[in-house]
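I opened this model to go through its cores, ring pairs and strand pairing. My notes are set down in the order in which I looked things up.

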Amino acid sequence: MSTAVPQEILDALTDVDMPKLPPEAGPSEAVRLAGVEVPVYRAGCVVVGSGAAGLRAAVEMKRRGDDVVIMSQSAWGGTSACSGSDKQTLHTANTADQGDNYKAMARAIRSGGAMDEDTAYVEAVGSSRMMASLQFLGLPLPQDPLGGTLRYQTDHDEVGRATSCGPRTSRLMVKVLAEEAIRLAVPFYNQATAVKILTEGEGADRHVVGILAMRAADRTEENPLGIALFVSDVIVLAAGGPGELYRDSVYPNGCFGSLGLALEAGVELVNLTESQFGIGTRREGFPWNLSGTYVQAIPHIYSVDADGVEHYFLAQYYRSTQELASNVFRKGYQWPFHATRTLDFGSSLVDLAISSETAAGRCVFMDFNRNPLPVPGDLPFSLERLDEDVRLYLGKAGASQDMPIDRLKHMNPLAIELYRRYKIDIAAEPLEFAVNNQHMNGGVMVDTWGRSNLAGCYAVGEAAGTHGVTRPGGAALNAGQVFGTRVAEHISASGRAKQAATGEISGVAETGITELLAVLRTESPLTVKSIRSDVQARMSEKAGIICDQQSVGQALFDAQKLNADICAHGVAYGRAAEAVRGVQWRHMALASEAVLGALDFFIRNGGGSRGARAICDAEGQSLPLASAGPLEEYRFRTERRADRDEQIVVRLEGDEIRLATRANRTFDESARSFFERDWPAWLTGRIYDLDANN
């Protein structure tokens, strides 16, 4: 029997054609505000973002009879639709093989610390339902002959709860959810960028009344910037993570997220110190994570200097060919950089070495037509001379082929086919890559129903700060689906989105438009290009995987100055389309200051290395070693266990970032539900806690 994957399967799992959007509905009215003729759209709820999490929220609300619309900067152009890896992971309870203890799964999800225990349990217990519903919608998760879902082990996953459709899992999720949203007749407003959340009230009574957007379709002589008013008492922020924050990033171009938008509205953020960084190809070509089988095939990794000379730099870090090759392999399921894995010649020493090479101006490549060269003085590479865990894995996978490209073709032909679709043939030429920013674990602070501190404002997906320091690979895709559903259930139970909002908010909207226009000034010395260069260079060079107190403190000072300059001079723009980017880079500058502020706060208060970052300190307790000796420049502080029990909260007051800490919410694992006792709370809606905040 042939084991070759049919071309139609390769096409279906790599190209993934997205559905055509339905025609847009026109505005209900138009009003003249701040000298601009503004179209007015009304909805029960506006979901900002058309990725997998936002689509899930919209679909579940529509199913429950709510009036919901989707606002998208670029439908099918965000992180969910355009990102992935070799086998992009969906992390769910492993019911097929052995059954799963949801409490144990929750402990695994929150094991890195700085995560609410109740949130972890919500994600765990909701995962089975989410996977089943996605399969019902047509998500092609692979099965064995008896119907069990195929599983594998991924990063921060010791049980093997991972499953995958291949490299385009999240795009396939977007596809099936988008098709369902279109079938349910959820209105889409594409090419619409949310630029300002509108609120009324003071203090605890402050609540959402609408949102301003900028839309190309609404540009007229009377409204050259295409400002549109969406009147709604409920919004769901689902616009993904701040991909544009870093120059060295694996996010698709144009991913701004909604953290600056939220900050400006007084929404509290949490855990902005926590991100993920890992190896991947750069956004200038085809941005993609190089985890899983890309490195489990054990390709040759080398760098090239300005004179074209190759450097086998990993041989300077590992003591033997076996140790080097085994740790390249381990990047498959230990993909994110983690400070502790730089110790004892672990797998994150690979990231450290690559980062050092790129900082020195060298380009780093992965060659699938060469096995790793021997470490000088050691035996050559051999599949028989690998660490036991690596040798057993490749043996079970049947990956005994001589060359990395053949091992990759055997284990995952989709991984090769995907790059070929983007005119990159990794079977014929080396692949350039680097250590990039990949995911924001922090975001809007929410409760177990996805509510923020601003009444009527919810957050899901990467916009929500529900992850802690680390998380199992694919847990983010699961979290977006779980909380998309939770948010929909809560909004529907409140009854506030059953009909389009009818409120009169002209005064609030006019103030918002006036403030928006004040940011955009054609005569400003600050351009979109200059702000972008400033923010991205600072974040990549001072807030990447290697940090220190002095550099972060200086970076924060510079970020504060940039925001002060933006407040004083605004942002220049030429064409109307550039005005949208001007507002977005104002938001990114705010988000940058918030991240640096939280990181500076953490380091100044004695915080140590954890997750994405090594906090370097001459007095640090941990010292990575290389084959040539100690790497003193990377000596770092050890994590304090007490820091795992709390999170850093960020909010904007006036023009100043305020920081505080709060303890993680706990979950009583000994508590047990009892049907007859607890059923009435569900029947009456008491479980939704509707008297609190929202």
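**Set-up.** I am working from a predicted model, in which local features need pLDDT of at least 70, side-chain atom pairs count only at pLDDT 80 or more, and totals for chains, interfaces and linings use all residues. Residues are numbered from 1 along each chain as its sequence is written, and side-chain values use heavy atoms, with hydrogens and water left out.

**Cores.** I take a nonpolar core as a set of buried Ala, Val, Leu, Ile, Met, Phe, Trp, Tyr and Cys residues joined through side-chain atoms within 4.5 Å. Buried means under 20% relative accessible area, exposed over 50%, and partly exposed in between, with a 1.4 Å probe and protein chains only. The largest such core holds 131 residues, and Leu-237 and Tyr-294 have the most contacts inside it. Helix H18 (residues 576–604) gives the most to this core, with 13 residues. Helices (H or I, at least four residues) and strands (E, at least two) are DSSP runs, numbered from the N terminus. I also found a second, separate core of 46 residues, which includes Val-16, Met-18, Val-68 and Val-236.

I then listed the contacts of Tyr-294, contact meaning heavy atoms within 4.5 Å. Leaving out residues up to four places away in sequence, Tyr-294 touches, among others, Trp-288, Pro-299, Met-366, Phe-368, Leu-408 and Tyr-419.

**Rings.** Rings of Phe, Tyr and Trp (its six-membered ring) pair if their centres lie within 6.5 Å; planes under 30 degrees apart count as stacked, over 60 as edge-to-face and the rest as tilted. By this rule I count 16 aromatic pairs. Trp-76 and Phe-188 are an edge-to-face pair, because their ring centres are 5.9 Å apart and their planes stand at 65°. This pair links distant parts of the chain, 112 residues apart: Trp-76 is in the loop between strand E4 (68–71) and helix H3 (79–82), and Phe-188 is in strand E7 (residues 188–189). Both Trp-76 and Phe-188 are buried.

Tyr-302 and Phe-365 have ring centres 5.7 Å apart and planes at 20°, so I log them as stacked. Tyr-302 belongs to strand E15 (residues 300–304) and Phe-365 to strand E17 (residues 363–367), 63 residues apart. Ring pairs also link Phe-286, Trp-288, Tyr-294, Tyr-419 and Tyr-422 into a cluster.

Next I looked for charges over rings, which requires NZ of Lys or CZ of Arg within 6 Å of the ring centre and within 35 degrees of the ring normal. The charged end of Lys-87 sits over the ring of Tyr-152, 4.8 Å from its centre. That of Arg-319 sits over the ring of Phe-345, at 3.8 Å from the centre.

**Leu-141.** Is Leu-141 buried or exposed? Leu-141 is buried, with a relative accessible area of 6%, and lies in the loop between helix H5 (117–137) and strand E6 (162–164). Its contacts include Leu-90, Met-131 and Cys-165. Leu-141 and Met-131 are 8.9 Å apart, C-alpha to C-alpha, and 10 residues apart in sequence.

**Strands around E4.** Two strands pair if DSSP finds at least two bridges between them. Strand E3 (residues 45–48) runs parallel to E4, joined by four bridges, and Val-48 stands opposite Met-71. E4 and E7 are also parallel, with two bridges; there, Met-71 has Tyr-189 as its bridge partner. Both faces of E4 are covered: Val-68 and Ile-70 are buried on one side, Val-69 and Met-71 on the other.

**Strands around E9.** Eight of the nine residues of strand E9 (residues 207–215) are buried, so I note E9 as largely enclosed by the rest of the structure. Strand E8 (residues 192–200) is antiparallel to E9 over eight bridges, with Thr-193 partnered by Met-214. Their hairpin has six residues between the strands, and Gly-201 takes a positive phi near 90°. E9 also pairs with strand E10 (residues 227–231), antiparallel, over five bridges.

**Six-stranded sheet.** I read an open sheet in the order E14-E13-E18-E17-E15-E16, with antiparallel pairing. Strand E14 (288–289) and strand E16 (310–311) each have a single partner strand, so one side of each is left without a neighbour in the sheet.

**Helix H9.** Nine of the 10 residues of helix H9 (residues 321–330) are buried, so H9 is largely enclosed by the rest of the structure. The cover over its buried residues includes helix H8 (293–296), E15, helix H10 (348–359) and helix H11 (388–397).
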